[in-house]
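Reader: I would like to learn how to read the aromatic rings in a model such as this one. Could you take me through them step by step?

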Amino acid sequence: MSHLAYLRNTDNKAAASGVVATAFSTASGYSVDNAITLPVAKVHRNTGVGSSEYIELDLGSAQAIKCAAVINHNLSSTATITIKGGAAANPSTFTQTITWREFDAFVLFAATQTYRYWRFTFTDNDNTYGFIQVGYLLLGAHTTISGYNFDKGWRRMREHGNRRLETSYFVPNIEQIARRIRLSLSFSALASAEITEVLTTLFDDLDGNVTPLFVIPDGAVNDGYFGRWVSVADETIIDGKPYVTLDFLEDGRGNLIAR
């Protein structure tokens, strides 16, 4: 298992003050600025699914980027997601493909790329909605913890929010509304520097659940989650050494789009 990696939203250059977002097309009521502001449930939508659809960001100045993510998208599994960076609009100096993952797709670059302009391009001819949706974009230099990791046997829980109504004859009518992932990560017998990173950098500096972050539990596996720690960090002291459990909950994506 590879080490935990994370990108705090305070380090998300795509959401920094002064960033200018443009798109190839924009559906009425779904501004492209929705893709660089929270919540992730307030989305940008374009008007097509072809190879010309893109969101381009002008960061204002060259920024060091090593992680890029597309949060709360509706792309089909055959979609192509490409990110390009460069010193001018319509950049092409650096190109990287982002592997598809349901809802949230991301890539960790092999080396840091420092550019002002970044363009996310989407091709999804199998998209059954007839439009491409993006809730939030991430661009930044992620951190990978080193020298230690959370314990094996970490927990990942799937949570479905469904509406259930019953007739007087107890016949159920159940409608799917939303779903999210909950994580529980435990860290055993931490050294002083390690407890500082887990409890201070990862928790206190984010004011618990105030500031969201993108968490990649295993850097070798294509699974990442955007959300927040719950408001309590559980710390147990045994023989002078802290054992810590952090629980994480994805930010809600809003009502699931009916297929």
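**Reading the aromatic rings**

Author: Let us begin with a charge and a ring: the charged end of Arg119 sits over the ring of Tyr54, 3.6 Å from its centre, where sitting over a ring requires NZ of Lys or CZ of Arg within 6 Å of the ring centre and within 35 degrees of the ring normal. Arg101 likewise lies over the face of Tyr225, at 4.9 Å from the ring centre. This is a predicted model, in which local features need pLDDT of at least 70 and side-chain atom pairs count only at pLDDT 80 or more, while totals for chains, interfaces and linings use all residues. Residues are numbered from 1 along each chain as its sequence is written, and side-chain values use heavy atoms, with hydrogens and water left out.

Reader: How many aromatic pairs does a search of the whole structure find?

Author: A pair of aromatic rings is described by the distance of the centres and the angle of the planes. Rings of Phe, Tyr and Trp (its six-membered ring) pair if their centres lie within 6.5 Å, and planes under 30 degrees apart count as stacked, over 60 as edge-to-face and the rest as tilted. The search finds 12 such pairs. The centres of Tyr115 and Trp118 are 5.9 Å apart and their planes stand at 65°, so this pair is edge-to-face. Phe150 and Trp154 are also edge-to-face, at 5.7 Å centre to centre and 75° between the planes.

Reader: Is Trp118 buried or exposed?

Author: Buried means under 20% relative accessible area, exposed over 50%, and partly exposed in between (1.4 Å probe, protein chains only). Trp118 is buried because its relative accessibility is 0%, and Tyr115 is buried at 18%.
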